[in-house]
Amino acid sequence: MKDGVNGVALAVFIFFFLAVTVMGFMAARWRKAENEHSLDEWGLGGRSFGTWITWFLLGGDLYTAYTFVAVPAAIYAAGAAGFFAVPYTILVYPLIFTFLPRLWSVSHRHGYVTTSDFVRGRFGSKGLSLAVALTGILATMPYIALQLVGIQAVLDVMGVGGGENTNWFIKDLPLLIAFGVLAAYTYSSGLRAPALIAFVKDTLIYIVIAVAIIYIPIKLGGFDDIFAKASEAYGQTNPATGAPRGALVPGDANQWTYATLALGSALALFMYPHSITATLSSKSREVIRRNTTILPLYSLMLGLLALLGFMAIAAGVKVQNGQLAIPQLFETMFPDWFAGVAFAAIGIGALVPAAIMSIAAANLFTRNIYKDFIKPDATPAQETKVSKLVSLLVKVGALVFVLTMDKTVAINFQLLGGIWILQTFPALVGGLFTRWCHRWALLAGWAVGMIYGTVAAWNVSSPTQKHFGGSSAEIPGIGEIGYIGLTAFVLNVAVTVVLTFVLRAAKAPDGIDETKPSDYTADAGDAGVQVELPPATAGSSH
Amino acid sequence: MSNAPDVKSPETPAVTPVRVVIALFLFAPFVAMLWVGSYAKTDPAFIGIPFFYWYQMAWVLISTALTAAAYVLWQRDQRARRSARSEDGGVAQ
């Protein structure tokens with residue numbers, strides 16, 4: 001790391017940061033609707049986004065700064081195992097092709113804003129809906145914290161993060177400023193702000209990747225040299241474990257882990273509230289299907305990005321904290337001004353998802369906790385106000401988390417979040433296709449999955465950590481090492497199916513289903529599907 | 001609506017060859033990607049990139065093409081069904 005502040009890079013970074021800040025505040029006036037005080041308007045951008053905006057929004061949302069830092073960092077640390085992100089994102093699209101359009105349709109017929117809204121309407125169970133909402137909020141918060149960790153990594157490499165000895169206030173000031181800006185424009189512009197900023201973010205990221213993937217290999221002597229050097233580095237024994245650092249290709253023992261991680265993560269991705277928020281804001285069912293055919297462009301980008309991890313090794317980047325590998329590679333290889341552009345791309349890449357995630361968590365709280373349990377007669381204006389405040393609180397919580405706790409805590413919780421969120425799959429996706437599962441069975445399955453997943457993750461130790469050392473453990477009954485989230489999910493489904501048989505035999509009361517079969521296939525323009533729906537909860541009276 | 005366990009989807013769609021093809025297109029990436037043993041090797045390399053890496057990136061393109069094809073087929077299938085339904089004066093649900 002160069003000593004002191006990298007002035008040129010910092011200037012470029014600040015320039016882009018100011019530009020998106022202005023955009024964020026102006027976004028409130030972009031595609032403005034008549035009724036700006038409804039939650040649909042603030043929280044779903046008026047449900048009016050077409051194919052391209054949805055594409056940018058989803059891309060901005062799913063491929064976060066943390067992804068850009070963490071995926072190459074995993075490759076840098078251990079090689080092949082980190083590349084599972086690519087098959088994972090490949091599998092996501094055929095999956096969402098089959099179920100998301102149904103969710104879009106039923107949500108637009110009934111004015112659902114969150115996944116919990118749907119679960120409550122479908123199964124007539126506030127308990128199940130609360131479980132889904134709490135899981136969503138719990139899983140999202142550490143994710144937001146990780147976005148701030150991403151910004152911190154960039155600031156550190158630019159030299160404005162300060163060393164270990166600087167006063168904590170000076171050290172954290174840049175992060176506090178970035179955070180304040182994010183909070184302010186989310187509060188005033190809602191989902192429109194990240195949608196608009198996502199254009200800048202993706203454009204910057206594409207430019208940086210395109211340059212990095214051509215320029216760096218040329219400087220390093222081509223891919224042959226890069227992989228030869230990486231292979232050599234992975235072969236060296238890690239003194240902490242006594243085993244090689246990693247491998248270029250997963251060995252027999254690691255193939256189960258690789259496959260289950262890819263599948264489990266793919267199933268989990270669209271259970272996250274923020275990906276659903278971005279999906280529901282699109283204006284028609286077709287927008288979603290069309291998007292599954294263009295979203296994989298991001299997967300290609302992710303694959304190229306992952307290769308940067310090898311380049312970091314070949315370029316001789318040596319960092320203790322793997323998260324700094326890629327920012328450090330950029331600073332080493334690029335001229336200062338372009339390093340600034342790259343850092344801006346990562347920094348802005350953190351702001352977009354952080355904004356969408358906090359909006360999604362706030363929607364969940366307002367609709368499924370505040371309105372269902374605290375104040376059933378809340379008006380749309382009150383709902384919006386509560387949502388705005390909660391989105392602020394969620395971000396402050398994430399900030400406190402990052403500033404007061406060790407970074408590994410945020411990473412551990414993010415790992416747990418993935419395991420947890422996957423446990424809402426049977427209620428949500430199952431519910432989209434069949435009403436067979438009993439609501440109490442789903443709740444029991446969810447609880448079993450959550451408990452098993454948490455305990456299993458707690459028991460994983462690594463050379464550096466006693467607990468939460470990783471996301472894989474032995475699969476009971478198979479004996480191979482696999483992703484804990486997927487094992488918990490299988491358990492969850494098994495419990496749900498068995499208990500459904502039992503409860504049906506015992507004639508346990510089934511909840512009321514407010515949806516009709518035709519709700520799941522309705523498209524914009526069909527009867528009962530409006531572009532903008534008022535929040536239609538049972539208690540709302542006008 | 002019925003809650004009988006054997007009712008899979010309220011609008012139980014007839015399985016047609018086109019729909020089977022769509023399902024295969026959507027299912028193929030799962031087989032290819034989860035069968036890690038089929039691609040866990042370094043050779044043949046492509047411009048210096050080991051097989052393991054370029055093969056998976058190639059699958060990004062292949063799965064994109066498959067999903068796009070499934071999308072087009074699905075659109076056609078829906079249109080055909082809609083016109084068939086209006087000619088028959090509505091098919092039973």
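**Exercise 1. Describe how helices H3 and H12 of chain A pack.**

Solution. Start with the axes. Helix H3 (residues 51–62) and helix H12 (residues 273–280) of chain A have axes that come within 9 Å and cross at roughly 175°. Axes are lines fitted to C-alpha atoms, for helices over the stretch in contact, and angles run from 0 to 180 degrees between N-to-C directions. Helices are DSSP runs (H or I, at least four residues), numbered from the N terminus.

Next, classify the angle. H3(A) is therefore roughly antiparallel to H12(A), a label for angles over 145 degrees.

Now list the residues. H3(A) brings A:Thr54, A:Leu57, A:Leu58, A:Asp61 and A:Leu62 to the contact, and H12(A) brings A:His274, A:Ser275 and A:Ala278. Two residues are in contact if their C-beta atoms, placed from the backbone, lie within 7 Å.

Last, sort them. The contact has four nonpolar, three polar and one charged residues. Ala, Val, Leu, Ile, Met, Phe, Trp, Tyr, Cys and Pro count as nonpolar, Asp, Glu, Lys and Arg as charged, and the others, Gly among them, as polar.

A note on the model: it is predicted, local features need pLDDT of at least 70, side-chain atom pairs count only at pLDDT 80 or more, and totals for chains, interfaces and linings use all residues. Residues are numbered from 1 along each chain as its sequence is written, while chains are lettered from A and ligands numbered from 1 in the order in which they are written.

**Exercise 2. Find which helix gives the largest share of the side of chain B that touches chain A.**

Solution. Count first: 34 residues of chain B are in contact with 37 residues of chain A. Helix H1 (17–34) and helix H2 (51–88) of chain B each give two or more residues to this side. The largest share, 12 residues, comes from H2(B). The side divides into 21 nonpolar, 10 polar and three charged residues.

**Exercise 3. Say what stands out in the backbone at B:Pro44 and B:Ile47.**

Solution. Recall the rule. Most residues other than glycine have a negative phi, and most peptide bonds are trans. The bond from B:Asp43 to B:Pro44 is cis, with omega near -5°. B:Ile47 has a positive phi of about 35°, although it is not a glycine. B:Pro44 lies in the loop between H1 and H2 of chain B, and B:Ile47 lies in the loop between H1 and H2 of chain B too. B:Ile47 is exposed (12 or fewer other C-beta atoms within 10 Å of its own), with 9.

How values were computed
Parallel < 35°, antiparallel > 145°, perpendicular 65-115°, else oblique. Buried ≥ 20, exposed ≤ 12 C-beta atoms within 10 Å, placed from the backbone.
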